[in-house]
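The entries are below, in the order I looked things up.

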Amino acid sequence: MSETAKGQGASEGQYVTFGLGDELFAAPVGLVREILTYQAPSRIPNSPDYLLGLTDVRGQGVPTADLRIRLGMTPTEPTLNTRILVLDIPLEDRVLSLGLVADRVFEVAVFSADQIEPSPDIGIKWRSDYISGVVRREDGFVVLIDLPRLLSSTDTVSLASVPDVDRAA
C-alpha cells in the first residue's frame, strides 16, 4: 500500500459495499453491527438535515443519518432495496452507534493492500478527508469511507445531544 493511502487510514481487510445512486462505497466490516431493512426513523425536532431521526434497534434508539444528504447528494425516496447500516464508530472518547441509510447493500468484499489506492488529487480544494482510499474494479471504483472523519467534530456534538433512548426500560 502506498504511504499516502496508509496515512489516510485505508487498510486491507473486509468491507461492506453499498450503493448511493450510481456510486459504490464501502465501510470496514468491523464497524457494521447489523444491516436492517429500511423503516422510517422517528423524527427529532431541530436536528441537522441529514439526521433523519431515531431507529429502534433491539430496544435502543439509534440516531439514523441519510448518507446521501451528508455527502451533498440529492435525497431520494426509500425503495424495497433501501437498508440501514447500524454502525459502531470509534471516536476519541467513545463509540458512536449510528444508522446510515444506503440505497442498497451489495456484499462483503475483501480488498488487499495492493488494491487500495489513495484518494485522488483533482487539483482543487474539495472535502475528500472522509475518503480513506479507492479500489478499482472492472465496473468502476469503490470509495472507502473513513466514517470517523466523515463525522466532523460538529456532527459528533450534534449526535451526542440526541438522547439515548432505551425502549426496553
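**Ground rules.** I am working from a predicted model, where local features need pLDDT of at least 70, side-chain atom pairs count only at pLDDT 80 or more, and totals for chains, interfaces and linings use all residues. Residues are numbered from 1 along each chain as its sequence is written, and side-chain values use heavy atoms, with hydrogens and water left out.

**Confidence.** I checked pLDDT before anything else; it is the predictor's confidence in each residue, from 0 to 100. The protein has a mean of 82, and 78% of its residues reach 70 or more. The pLDDT is below 50 over residues 1-9, a stretch with 21 contacts in the model beyond near neighbours in sequence; I take contact as heavy atoms within 4.5 Å. Residues 164-169 are also below 50, with 11 such contacts. Where pLDDT is low, the predicted coordinates should not be read in detail.

**Overall make-up.** I get four helices and 11 strands, taken as DSSP runs numbered from the N terminus (helices H or I, at least four residues; strands E, at least two). Of the 169 residues, 46% count as buried. My cut-offs are under 20% relative accessible area for buried, over 50% for exposed, and partly exposed in between, using a 1.4 Å probe and protein chains only. Among contacts with a separation of 6 or more, 58% are between residues 24 or more positions apart.

**The sheet.** In what order do the six strands of the open sheet run? I read S8-S1-S2-S11-S10-S9, with mixed pairing; two strands pair if DSSP finds at least two bridges between them. S8 and strand S9 (116-117) stand at the edges with a single partner strand each, so one side of each is left without a neighbour in the sheet. S1 and S8 run antiparallel and are joined by seven bridges. Within that pairing, Gly13 stands opposite Phe111 in S8.

**Cores.** By nonpolar core I mean a set of buried Ala, Val, Leu, Ile, Met, Phe, Trp, Tyr and Cys residues joined through side-chain atoms within 4.5 Å. The largest has 27 residues, and Phe18, Leu67 and Leu147 have the most contacts inside it. The elements giving it two or more residues are S1, strand S2 (23-28), strand S6 (83-90), strand S7 (95-102), S10, strand S11 (140-145) and helix H3 (147-150). S7 supplies the largest share, four residues. A second, separate core has nine residues, including Tyr15, Ala26, Ala109 and Val135.

I then looked up Phe18, which counts as buried because its relative accessibility is 4%. Leaving aside neighbours within four places in sequence, Phe18 has contacts that include Phe25, Leu67, Leu85, Val105 and Ile145.

**Rings.** How many aromatic pairs does a search of the whole structure find? I got two, with Phe, Tyr and Trp rings (the six-membered one for Trp) pairing if their centres lie within 6.5 Å, and planes under 30 degrees apart called stacked, over 60 edge-to-face, the rest tilted. Tyr15 and Phe111 have ring centres 5.4 Å apart and planes at 35°, so I logged the pair as tilted. This pair links distant parts of the chain, with Tyr15 in strand S1 (residues 13-20) and Phe111 in strand S8 (residues 104-111), 96 residues apart. Both Tyr15 and Phe111 are buried. The other entry is Phe18 with Phe25, a stacked pair at 6.0 Å centre to centre and 20° between the planes. Phe25 is buried too, at 6% relative accessibility.

I also found Arg70 over the face of Tyr50, 5.5 Å from the ring centre. The test there is NZ of Lys or CZ of Arg within 6 Å of the ring centre and within 35 degrees of the ring normal.

Most residues other than glycine have a negative phi. Asn46 has a positive phi near 60°; Asn46 is in the loop between strand S3 (32-37) and strand S4 (51-57) and is exposed at 83% relative accessibility. Arg58 has a positive phi as well, about 55°. I placed Arg58 in the loop between S4 and strand S5 (60-66), and at 72% relative accessibility Arg58 counts as exposed.

Ile131 and Asp146 are 15 residues apart in sequence, with their C-alpha atoms 5.7 Å apart in space.
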